[in-house]
Amino acid sequence: MATVSLTGASKEDAAAVFGVLRTAFPAERPVDDVPKEQPGGDSVVWSAEFEPTQEWIPTDPIPLEGSVSATLQGGYVVVDQLGEALGVAFAVDERGTASGDQEKEVDLRLTTKR
């Protein structure tokens, strides 16, 4: 299981990123559970958990309105699978990583593939 947290994104872009991951892997939330705007001007963080599998369904590139900051956290193999799935649909710029004994965290910037 891995956690994906999104920041700096519109609700439409967050829904697009989660949609790609839900297509590729089973998620803990139902498909119709899409990000919603929150009242106030505070920054919003959307997160969901995914269970990547050996076999996953790739998607076509998906356009984004802007850039999305994504943090992937979980076991090494799981985080790598999530990153690979995101790399098929979006342009991915790795911003940083932190590694531990059992898991790692990767910070990504996602944009529309050109």
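**Figure 1. Helix H1, its span and its buried residues.** Helix H1 has 14 residues and reaches 20 Å from its first C-alpha to its last, which is close to the 20 Å expected at 1.5 Å a residue. The model shown here and in the other views is a predicted one. Along this helix, Asp-13, Ala-14, Ala-16, Val-17, Phe-18, Val-20, Leu-21, Arg-22 and Ala-24 are buried, and the buried residues of H1 pack against the strands E1, E2, E3 and E5 as well as against helix H2. For orientation, the protein contains two helices and five strands, and when it is read along the sequence these follow the pattern β-α-β-β-α-β-β.

**Figure 2. The largest nonpolar core.** The largest nonpolar core of the protein has 31 residues, and those with the most contacts inside it are Val-17, Leu-21, Leu-82 and Leu-110. Two or more residues of this core are given by each of strand E1 (2–7), helix H1 (11–24), strand E2 (46–50), strand E3 (68–75), H2 and E5, while the largest share, seven residues, comes from H1. In soluble globular proteins, nonpolar side chains tend to be buried together. Across the protein as a whole, buried residues make up 36% of the 114 residues.

**Figure 3. The surroundings of Leu-82.** When residues up to four places away in sequence are not counted, Leu-82 touches Ala-2, Val-4, Leu-21, Phe-25, Phe-50, Pro-52 and Leu-72. Both Leu-82 and its neighbour Leu-21 are listed with those residues that have the most contacts inside the largest nonpolar core. For the protein in general, residues 24 or more positions apart account for 74% of the contacts with a separation of 6 or more.

**Figure 4. Strands E1 and E2 side by side.** Strands E1 and E2 pair in the antiparallel sense over five bridges, and within this pairing Val-4 stands opposite Ala-48 in E2. Strand E2 has a covered face, formed by Trp-46, Ala-48 and Phe-50, and an uncovered one, formed by Ser-47 and Glu-49. In a regular strand the side chains alternate between the two faces of the sheet.

**Figure 5. Thr-59 in its loop.** Thr-59 has its place in the loop between E2 and E3. With a relative accessibility of 17%, Thr-59 counts as buried, because the term is used for residues under 20% relative accessible area. Leaving aside residues up to four places away in sequence, Thr-59 touches Val-20, Thr-23, Val-88 and Ala-89.

**Figure 6. The salt bridge between Lys-104 and Asp-80.** A search of the whole structure finds two salt bridges, and in one of them the side chains of Lys-104 and Asp-80 meet at 2.6 Å, N to O. Lys-104 lies in strand E5 (residues 103–111) and Asp-80 in helix H2 (residues 76–89), so the pair ties together parts that are 24 residues apart in sequence. Lys-104 is buried, with a relative accessible area of 15%, whereas Asp-80 is partly exposed, with a relative accessible area of 41%.

**Figure 7. The salt bridge between Arg-95 and Asp-93.** Arg-95 forms a salt bridge with Asp-93, and the closest N and O atoms of the two are 2.9 Å apart. Arg-95 is exposed, with a relative accessible area of 54%, while Asp-93, at 34% relative accessibility, counts as partly exposed. Side chains of opposite charge can pair when their charged atoms come close. The protein exposes about 6,400 Å², of which carbon and sulfur atoms supply 47%.

Technical notes: Residues are numbered from 1 along each chain as its sequence is written. This is a predicted model: local features need pLDDT of at least 70, side-chain atom pairs count only at pLDDT 80 or more; totals for chains, interfaces and linings use all residues. Side-chain values use heavy atoms; hydrogens and water are left out. A salt bridge is a side-chain nitrogen of Lys or Arg within 4 Å of a carboxyl oxygen of Asp or Glu. Helices (H or I, at least four residues) and strands (E, at least two) are DSSP runs, numbered from the N terminus. Buried means under 20% relative accessible area, exposed over 50%, partly exposed in between (1.4 Å probe, protein chains only). Contact means heavy atoms within 4.5 Å. Accessible areas come from the Shrake-Rupley method with a 1.4 Å probe; for residues, only the protein chains shown count as cover. A nonpolar core is a set of buried Ala, Val, Leu, Ile, Met, Phe, Trp, Tyr and Cys residues joined through side-chain atoms within 4.5 Å. The expected span of a helix is 1.5 Å times one less than its number of residues. Two strands pair if DSSP finds at least two bridges between them.
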